[in-house]
Amino acid sequence: MEILRGIAVGSGMAIAEAVVLEAEDYRIPYRSVPASEVPAELQRLDSAIQRAIQELVEQEEYLRTHLGRDAANVFDWHIGVLRDERLRKSIEDLIREKEASAAYAASTIMRAYQRRFMQMTDPLLVERMRDVQDMERRLLRNILGEQREDLAHLSKPVILVAHDLTPTQTAQLPETKVVGVALDAGAATSHTAILLRSWGRPGVIALNDISTRVSGGDVIIVDGTNQLVILNPTEAALEEYRAKEAAHLRLRDELDELKELPAVTKDDHRILLYSNIEFPHESAVGLKRGSDGVGLYRTEFLFLRPEGAPSEDEQYEAYREAIFGAEGRQVTIRTFDLGADKYTQQKNYEQERNPMLGLRSIRYSLRNLDLFKTQLRAIMRASVHGKVRVMFPLLISLMEFRQAKMALFDAMEDLEDAGIPFQRDLPIGMMLETPAAAIQVKEFCREVDFVSIGSNDLIQYILAVDRGNERVSQFYSGSHPAVLRALRDVVQACDEAEVDCSLCGEMAGQLLYSMFLLGIGLRNLSMSPANIAEIKKVTRLITIKHAQKIARRVLTFETERQVNNYLRDETRKILPEDPL
Ligand code: PEP
Ligand code: MG
């Protein structure tokens, strides 16, 4: 039995067979074949190796004529490995001895090679792992050909293991039988992580090399509550986990009972808990889980599809669905936040050196005004169906806010000219996600109708830590005193200016921060619908006076560790049975 630790993106446990998803979406199920089919599998392997070598030779020739010898040599090594008799023999032995399918045997042996390279200390040799991965894919493509299987056709519950998932792949998970996820890559607030959290099933990411350790068909345990994955569990571990799974489900049922109750503190302060949504139907899902409406609609997910940007009408339909789903409650629509880790098809070709500091969010919108105005018209058209607010992401200057507002007024004018109704006085707000905006919050407060703090980005920019980079994820923390003080200052400035202030980053849904956030004066929090019941539970157990005392103490600490220890202890006093 082996235990791997990572970052949780969904609590609870899942016990099931793994399917390993390749970067090209291949899934390699463990499949044994009847003894009589072993010769056919050996033949499949042989033909696949021949075809793979042929492809490589052609590629090499092409590169040699077009780019010269150095570039062509890259494939020499690939060809050499595929011609290596020892490799072929190991795969053949596995097919014969375990009566395994050629795909399973090839994948298992190539993974063992990858692991060997990963353990080497020379970075050049570690890089070889990518070459082996590449060869594995090529072989599998040739073995499976048209037979490749995809996640949409799973026949039983499985745990998905992959190196990484794109936001688009993650968004498709609900349509499948996947009950848990374990990824090599990832960081707590990457958009893939955010989507996994709203999917609501157990997941652990940033596991480093799980995708090379697991083969399709292995039974594994994903323990989202304790942030770990267990490979090859013993019978005793399986039994223990089945009991834990049952206990977790009981806790979830208990939380479900809170759905209908408002989030009111013991000293009678009403806290508004909103949903963060990525797709329009989630607005209704959030309501079912007890939310007060939508605090953040990440509209850019509409744009991340192979067909390209949605038309004005398609967008209008989506916004209208989200607004209807909220049944008259407030819906805050954020204009598309493209760039950084969320690219449209067209953006894929323009790699930036520092995408997190690049042409993203409002900068991208103002550079693509037609696309932006189309969206603004769609939002304004939908605004007549409910209580809508609109906000712009990642502002660093008042000029950006004014330009974005201008674009919105242009969109209104277009609609007026066309005689299409819209809600003229809808609140226009900002996402406060950059140190520049935090420092200039007073000036912003004179112009905006509301402020929504995007702590995911605010943390990354205050601490200079790419939120999607697992190599620096240990530095990414909401508990850093600089972050906490910035939050306090922003909330205070908004209070003084009487501007409505909310927080919609992942911190809003983390129990650890609940008392601090209420203690510094926040009364509106927006989070993944999966977290609403838990946060509601804590708000109903505390008083604002107590939360204020805790926040004051937290703000005296000098290190992140002190903050974490203190908040963990104080939260445990209130919720002894809840995992933190
Ligand atoms: C944030 O940055 O905190 C936020 C809510 O926006 P996103 O996570 O979509 O960048
Ligand atoms: Mg953000």
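Asp457 counts as buried, at 2% relative accessibility. Buried means under 20% relative accessible area, exposed means over 50%, and partly exposed is in between, with a 1.4 Å probe and protein chains only. The model is predicted: local features need pLDDT of at least 70, side-chain atom pairs count only at pLDDT 80 or more, and totals for chains, interfaces and linings use all residues. Side-chain values use heavy atoms, without hydrogens or water; residues are numbered from 1 along each chain as its sequence is written, while chains are lettered from A and ligands numbered from 1 in the order in which they are written.

What does Asp457 coordinate? Together, Glu433 (OE) and Asp457 (OD) coordinate the magnesium ion (ligand 2), at 2.0 Å. Donors are N, O and S atoms within 2.8 Å of the metal (3.2 Å for Na, K and Ca); water is not among the atoms, so sites may look incomplete. Glu433 lies in the loop between strand E13 (428-432) and helix H15 (435-439), and Asp457 in helix H17 (residues 455-463), so the pair ties together parts 24 residues apart in sequence. Helices (H or I, at least four residues) and strands (E, at least two) are DSSP runs, numbered from the N terminus. Glu433 is also buried, at 2% relative accessibility.

Stay with H17. Eight of its nine residues are buried, so H17 is largely enclosed by the rest of the structure. Among them are Ser455, Asn456, Leu458 and Tyr461. Just after H17, Ala464 takes a positive phi of about 55 degrees.

Now the aromatic rings. Rings of Phe, Tyr and Trp (its six-membered ring) pair if their centres lie within 6.5 Å; planes under 30 degrees apart count as stacked, over 60 as edge-to-face and the rest as tilted. The count by this rule is nine aromatic pairs. Tyr297 and Tyr319 are edge-to-face, because their ring centres are 5.9 Å apart and their planes stand at 75 degrees. Tyr297 is in strand E10 (residues 293-298) and Tyr319 in helix H11 (residues 312-325), so this pair links parts 22 residues apart in sequence. Tyr297 is buried, with a relative accessible area of 0%. Tyr319 is buried at 0% as well. Phe392 and Phe401 are another edge-to-face pair, with 6.0 Å between centres and 65 degrees between planes. Both are buried.

A charge sits over a ring if NZ of Lys or CZ of Arg is within 6 Å of the ring centre and within 35 degrees of the ring normal. Arg381 has its charged end over the ring of Tyr316, 4.4 Å from the centre. Arg389 lies over the face of Phe450, 3.6 Å from the ring centre.

Next, a sheet. Eight strands form an open sheet in the order E1-E8-E7-E3-E4-E5-E6-E2, with mixed pairing. Strands pair if DSSP finds at least two bridges between them. Strand E1 (2-5) and strand E2 (7-8) stand at the edges with a single partner strand each, so one side of each lacks a neighbour in the sheet. E2 pairs with strand E6 (residues 203-205) in the antiparallel sense, over two bridges. Ala8 stands opposite Val204 in E6.

Finally, Thr539 lies in helix H20 (residues 532-539). Thr539 is buried, with a relative accessible area of 1%. Beyond its neighbours within four places in sequence, Thr539 is in contact (heavy atoms within 4.5 Å) with residues including Ala263, Ile271 and Leu518.
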